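Hi there,

Here is the structure I promised to pass along. Have a look, and then read on for my notes on it.

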Amino acid sequence: MHLCRSMFRLNVKEEIKIMKKLFRGVSVGLLGCALMFSALTSSAERSVKVLGWGAQSGPLKSFGVNSETALRSAVAEINAAGGVKLGDGSMVPIEVIGYEDSACKKDQNIAILRKTASTTDAIVGMGTTCSGSCQAMFGVLQKKVGDASDSGLQMPILADTCIRPGLAKISEWAFRNVPNEIAMYDALFAWLSQQHPDIKTFSGGTETDQGHSFITHTAVIVQAAIKHGFDWVGPAVPELGPKVKQGMKELQAAAKTQHWLMGDTNYSVQARKIKKQNPDMILVSSHPFSACGFLKEIKRQRVKPKLLVGLTSSASQETLNGCMKEAEGIIIPTGFAPITAQAQKANTIVTKAGGFLDLHSAAAWENAYLVKAAVEAAGITAKSETLAEDRAKFRDALATITAIDGLIGPVTRDTATGEASKPYVFVQVVDGKWKVIHDPRG
Amino acid sequence: MEDFWYEVVEVSQSIADGLLFGSTYALIGIGFTLIFGAMGKLNMAYAAAALGGAYAGLAGFVLIKAPLVLVFGISAIATAALGYAIYFTCFRFIPVNNHLASLMASVGALFFIDEVVVHVTRGSPLTFPSMFGDVYFELGPYGIRGDLVFVFIIGLISTGVLLYILFRTRLGLATRAVAQQDIAARLCGIGVHSTNSVTFAIAGVLGGIAGAMTAAAVGVLSPVMTVPLTVKGIIVAVIGGLGSIPGAIIAGLFVGGFENVILYFRGIDERDMYVVALLFVFLVFRPNGLFGTAITRD
Amino acid sequence: MDYYLNLINTIGIHTLLGLSAYLLLLTGQVSLAQAGFFGIGAYTAAIVTVIFEWSILSAIGAAMLVSGGVAFLVGFPALRVRGLMLVVATLAFSEFARMFFYNLKWRVVRDGAEIGPDGTMGFAEIRYFNNNGWLNWEVTIFLWVFVAVVMALIWWSDQTRIGAVLRAVGEDELAANSTGINVTVVKVAAMTAGGIVAGLAGSLYAHQVTDLDHHTFTVLLATFAIAYPILGGLSNVFGTLIAVLFIQGLLVEGLRFLGDWRMLLFGALIIVAMNIKPLGLFDNQTIRILRKALGVKRQRDSV
């Protein structure tokens, strides 16, 4: 036994010696890489630095690609027009010092946020699109500005979307350029009830393992339709017993709603139940893949609703890629369509640069202008010595901004709740393309 | 009383739909079980390769307007090629008795294939053409999807061809010999590596067809399908008995029907929990699966 | 500095996760259940600090207890299956745990706001460290004390009979049985220990990221958990640490400058690593080479 051990096991002291040398070597190597990185990211010329991040790998890759393209294009436009004005009156460019891949994973988002905060001169972090990641990122920030007992990060974040209710109140350092879905769907069903008096009943389904789809369906879309006089049909599902007893209206609606998972491949049971309910209008609160799977199934089962309504996030090219034919006629409220001169110009620029502008990436474009507005209101010096003060000033300025010019109209912000309100239009898939069918903007 | 009959119709419809869809699970399960039977190892990248092949078939459809039969053919060949590449990079050079290293390498292959797909498609879901997509048989209160019947038939045919190859050809003989006792097989002049790579390629052909069929059945292809299909394929292979092809078929159909019935009664929140519970029941009471091992390792 | 501290914390948490699988691999059990225990520890600890508002130490203790308890229960049926079937059974367990978290809803109202796990919406604002003014370096030290203790314990047990017994069961159960080792006790004990360590890792993780949902505790995380000891080799605990440094330090963070090529390289490098070093990055061959390179002489060389 001893002989075997001596052949294959090191003497403990020797192993420890090797370990120490190895660790020293590895940490020196890592430190070297880090120093190189920080040297590369701080440039000599004065500029307002920002760092962006989003999903550039994984199934949500289009988010990151589109947002990066939109951000960089908008920044280029701003710089071409002279840049931003600092506290001392000088005009400097905005510099996007990097755009990282966070893959919509919480750990990676937090790592990039901390990297931006502690190793770069960026005055604001501009990421991300996925609401779950925002929820995690906002949680590591200082909750209330000036709270000395809170050791959270003091770094402003300006996310380009992150649609989920209540995220703004997690931290005062967190900002999102996010559409107000409650307002959008309220307006949509108000309009639909006028346009389509023949439509009385509705039913629908959602993907239950995606936070945004689920909560928007049960708490926003269904409620808005009920509010405007549409009848929710569908048999009660008694086995949801304890949940229904909670008495919350949205849970009762949820009890009758069809459910699937975002990666599901078989929607036959759900489609057949909807077919039995025979509603005039069907809601599909789901992201493109499962929305398309469901839409294809109801078409196969010869379900022919008079109207289809979808989730805001699906007003995108991905839905057309996935089921152009089956999505024909679906109506979705969205925060972007090329209906103004600015929007068309931005659309042309971004498309030429290889991205798409939709309600997610258009927010990234607008954020560049939001940064400009905040910088000019804050009067920062853009020097690395004053980085912490610059960030605090920037945050304060951002918090007081109540309106900017968005691509299709003014974007306003309620300083009390921290939530934004954006103009919206209703789009519909007509002949395989998104077309604006109603423009409720004043 | 009417309600009761209505329920009966609905439940049996769910079972029928599930059974037909289950043939896609069966094919993926066969792929896992084939490789396990041949090498005693798990190829985690199998479902990823199947979907990769489906993407290749879709590329054929989009770029050169290939007819559907050709799309399926391209998928089959692409996954066979991927299967061979996976064998070469994850199994060929790793010692035969080292299961963990091959497992980990095939996980790496899964990540790689998925990421390549994401790169080419930007992660966007893509519409997939379907065979007989508009065919819908209505028999009384029942409705049967024509394309699912087609999928089922193709599944049967593929399995039949596979079984023929395995049990009636020299190649199949070599595969079974290597699976049983590779040293003896080598002594008989059967090249282990060449036989194993052909096994992977054949499993790949099945996988490509399965991937294309699944994509055709859903109508959409997306990288989010990879992990759920991998898990389901492994569960089906295990319930059927690792190494048993008939087992994988029956298990695939059964799991398909079972999960649909559970979905009908208990809803989505509990559906997958019941499938997992089903697996546990098998592992506790019948760890060798439905049919134990037909192709066994010493 | 903050970024590096965060990275060091991540490495520490993943090392614990890897070590929990390492313990099981020693006894020959390839377990994909570690993600499930990790999640159980994470949610338990978060519930203790957020809903019960107890201290972090009680949260960690509770997490280790609950995860260990569940692992103990899992250990018995796990005895009935071996090899690949165990892989599948433990994978199924992790999936079952994940579905449990997907359904878990426990909302309470504190200071006018609703907190607690909310099913698919996740469990937000697990802010114990920040709310109590912990500085980043304090969290890092705190976390790494646990990692160091666990590593030391496993290392120490490897020098004693415990390690020999574990490895004996892993090498050949029949032989171990015939030398009087109670294989059942050893395997269940290893599963329980693995559960405790994974629960510890989860409790630290929950407070590090402040937010949990079922999307984190997937099959892929379970695969990462066994990837670390497989990649690192089973000679000693430092192999797992090296593997975590390799994957989390180099592949995930260090290769960021590659932009979107990073994730492509990820899979490819794992394949390459497993082909070149099928027994792990830190196997005996590596140790021999390192010894030569660093000029550490073995006392026995002169014999």
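This is a predicted model: local features need pLDDT of at least 70, side-chain atom pairs count only at pLDDT 80 or more; totals for chains, interfaces and linings use all residues.

Which residue of chain A forms a salt bridge with R145(B)? The partner is E297(A), and the closest N and O atoms of the pair are 2.7 Å apart. (A salt bridge here is a side-chain nitrogen of Lys or Arg within 4 Å of a carboxyl oxygen of Asp or Glu.) Across the interface of chain A and chain B, the rule finds 5 salt bridges.

Residues are numbered from 1 along each chain as its sequence is written, chains are lettered from A and ligands numbered from 1 in the order written, and side-chain values use heavy atoms, leaving out hydrogens and water.

Now the chain interface. Contact (heavy atoms within 4.5 Å) links 42 residues of chain A with 43 residues of chain B. Together the chains bury about 3,400 Å², with 53% from carbon and sulfur atoms; buried area is the accessible area (1.4 Å probe) that two parts lose on being put together, summed over both. In chain A, T265(A), F289(A) and R300(A) lose the most area to chain B, together 20% of what that side buries.

Within chain A, there are domain 1 (48-179 + 339-423) and domain 2 (181-334), with bounds from an automatic or database domain assignment. Their centres, taken over C-alpha atoms, are 32 Å apart. Between them, these domains bury about 960 Å², and the rule finds 0 salt bridges there.

Best wishes
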